[in-house]
Amino acid sequence: MNPEVAARLRLFSAIEGGSEFWSSEIERNGALLVLNGIEGNFYQKTKSNIENIRARLRENPLEKLIEELGESNSVFIYPGDDLWPKQLNDLRNPPIGLILKGEMEYLPLLVDSISIVGTRNPSNYGFRVASDFAAGIVDRAWSVISGGAIGIDSAAHHGALSAEGITFGILAGGVNRPYPLANERMFNEIRNKGLLISEVMPNVHPVPHRFLIRNRLIAALSKGTLVVEAAYRSGSLRTARDAAEIFRPVMAVPGPINVPTSEGCHRLIAERCAELVSSVSEVMELVNPLA
């Protein structure tokens with residue numbers, strides 16, 4: 001491993017994802033220079049959390065990180081790597097790197113993918129719609145991205161898998177700690193028919209704030225985001241707004257006006273943040289109009 005990649009892996013293990021400051025510093029100066037600056041005194045007065053980052057660097061020497069990757073059978077990729085999904089560079093705060101676990105041959109299929117997100121407490125209608133849309137998308141030789149959660153995420157993954165398509169799970173924890181445990185069987189299927197993707201080291205447990213941080217990855221990796229049932233203040237709306245900020249199409253499925261799980265979708269449509277869609281054909285027209 002060359003020194004620049006080694007430095008990036010160490011920074012990846014020590015710096016919380018989503019930081020515009022550190023993403024900018026690494027892009028501008030290179031990982032090795034930033035690492036040296038952190039271990040020295042260059043950033044002492046710049047970042048209040050510098051001591052926490054230094055502590056994590058001391059706790060995770062390069063040899064330990066490489067061993068963790070090997071034992072988890074996972075792969076570290078980074079900006080500039082041939083495997084790097086270039087669509088992530090549209091973010092203001094692209095990841096320092098990503099950990100992947102599963103079938104690497106499917107990674108190029110991220111280029112033509114659609115994210116499906118929504119509530120963790122869907123109605124039967126929402127669950128069925130998410131599953132049907134996912135199946136229809138993979139039938140058109142596209143792939144499906146979601147976050148692996150119970151609810152609409154699970155419906156999307158299951159819909160893609162049942163149609164023998166490719167699906168990608170974007171995790172808030174490490175690829176060895178996918179959450180929730182109730183979806184363990186589904187995560188195993190995703191590893192066999194797609195990839196698990198994470199912005200933390202393989203054995204890192206998920207914590208609440210990382211779910212919102214990872215939502216920008218769900219938005220950026222795909223060519224469009226579809227919201228299927230979401231409460232008025234659902235985290236799925238954050239994913240939709242992340243997508244809109246980088247000019248990805250945002251779509252929402254309408255539902256009954258008296259059902260709380262449709263309020264978020266109706267809000268996106270009313271605020272002109274999302275296009276109303278009622279079929280897979282309408283989704284494909286928005287994400288792939290020339291076809």
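This is a predicted model: local features need pLDDT of at least 70, side-chain atom pairs count only at pLDDT 80 or more; totals for chains, interfaces and linings use all residues.
A pair of aromatic rings is described by the distance of the centres and the angle of the planes. With ring centres required to lie within 6.5 Å, the count comes to seven aromatic pairs. In one of them, the centres of the Phe12 and Phe76 rings are 5.3 Å apart and the planes stand at 55°, so the pair is tilted.

For Phe21 and Tyr43, the ring centres lie 6.1 Å apart with the planes at 85°, so the pair is edge-to-face. Phe21 is found in helix α2 (residues 20–29), whereas Tyr43 sits in the loop between α3 (31–39) and α4 (50–59), so the pair ties together parts that are 22 residues apart in sequence. Phe21 and Tyr43 also belong to one aromatic cluster, which they form with Trp22 and Phe42.

The relative accessibility of the four residues is as follows.

| Residue | Relative accessibility | Class |
|---|---|---|
| Phe21 | 26% | partly exposed |
| Tyr43 | 3% | buried |

Because buried means under 20% relative accessible area, Tyr43 at 3% counts as buried, while Phe21 at 26% counts as partly exposed.

A further ring contact involves a charge: Arg267 lies over the face of Tyr232, at 4.3 Å from the ring centre.

Technical notes. Residues are numbered from 1 along each chain as its sequence is written. Side-chain values use heavy atoms; hydrogens and water are left out. Rings of Phe, Tyr and Trp (its six-membered ring) pair if their centres lie within 6.5 Å; planes under 30 degrees apart count as stacked, over 60 as edge-to-face and the rest as tilted. Helices (H or I, at least four residues) and strands (E, at least two) are DSSP runs, numbered from the N terminus. Buried means under 20% relative accessible area, exposed over 50%, partly exposed in between (1.4 Å probe, protein chains only). A charge sits over a ring if NZ of Lys or CZ of Arg is within 6 Å of the ring centre and within 35 degrees of the ring normal.
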